[in-house]
Amino acid sequence: MNNELYERAIKHWGVDLQYGMLGEEMAELTIAINKFRRDKATLIDVIDEVVDVQIMVEQMKVLFGINAECFKEVYDKKIERLKIMIENEEK
């Protein structure tokens, strides 16, 4: 995918700066969602921030050496847990 580009970004700006950038992008997403709820931001604003967060998350996966198989295994467990929680509450 874009792993080479993510590795270049991490090398270029450094690990600590990319950790901080992840936090900044997540904060910007939170702000965009809150503004959207108050009709002060558009869906495009939210999408823009979701993409920024996704790019940073992908960099973290590269940084921590999280391979696709490991990620999928944890992801699938969390999705199954979410499904069970919803089903239990719908009863």
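Let's start with V74, which sits in helix α4 (residues 68-90); helices (H or I, at least four residues) and strands (E, at least two) are DSSP runs, numbered from the N terminus. You are looking at a predicted model, in which local features need pLDDT of at least 70 and side-chain atom pairs count only at pLDDT 80 or more, while totals for chains, interfaces and linings use all residues. Residues are numbered from 1 along each chain as its sequence is written, and side-chain values use heavy atoms, with hydrogens and water left out.

**Overall build**

- The protein has four helices and zero strands, and its pattern along the sequence reads α-α-α-α.
- With a radius of gyration of 16 Å, well over the 12 Å that the globule rule gives for 91 residues, the protein is more spread out than a compact globule. The radius is taken over C-alpha atoms, and the rule is 2.2 Å times the number of residues to the power 0.38.
- Taken along the principal axes, the box filled by the C-alpha atoms of the protein is roughly 50 × 40 × 20 Å.

**Surface and burial**

- The protein exposes about 7400 Å², and carbon and sulfur atoms supply 59% of that area. Accessible areas come from the Shrake-Rupley method with a 1.4 Å probe; for residues, only the protein chains shown count as cover.
- Of the 91 residues in the protein, 20% are buried. Buried means under 20% relative accessible area, exposed means over 50%, and partly exposed lies in between (1.4 Å probe, protein chains only).

**How α1 packs against α3**

- Helix α1 (residues 3-13) packs against helix α3 (residues 43-63) at an angle of about 85°, and their axes are 9 Å apart. That makes α1 roughly perpendicular to α3, a label for angles of 65 to 115 degrees; under 35 counts as roughly parallel, over 145 as roughly antiparallel, and the rest as oblique.
- On the α1 side, the contact uses N3, Y6, E7, A9 and I10, and on the α3 side I55, E58, Q59, V62 and L63.
- This contact of α1 with α3 has six nonpolar, two polar and two charged residues. Ala, Val, Leu, Ile, Met, Phe, Trp, Tyr, Cys and Pro count as nonpolar, Asp, Glu, Lys and Arg as charged, and the others, Gly among them, as polar.
- Axes are lines fitted to C-alpha atoms, for helices over the stretch in contact, and angles run from 0 to 180 degrees between N-to-C directions.

**How α1 meets α2**

- The axes of α1 and α2 cross at roughly 110° and come within 6 Å, which makes α1 roughly perpendicular to α2.
- Here A9, I10 and W13 of α1 touch V15, L17 and Q18 of α2.
- The residues of this contact of α1 with α2 are five nonpolar, one polar and no charged.

- V74 is partly exposed, at a relative accessible area of 43%.
- E24 belongs to helix α2 and is partly exposed, with 41% relative accessible area. Its C-alpha atom is 9.8 Å from that of D52, which is 28 residues away along the chain.
- D39 lies in the loop between α2 (15-37) and α3, where it counts as exposed at 71% relative accessibility. The phi of D39 is near 60°, a positive value in a residue other than glycine.

Notes: Contact means heavy atoms within 4.5 Å.
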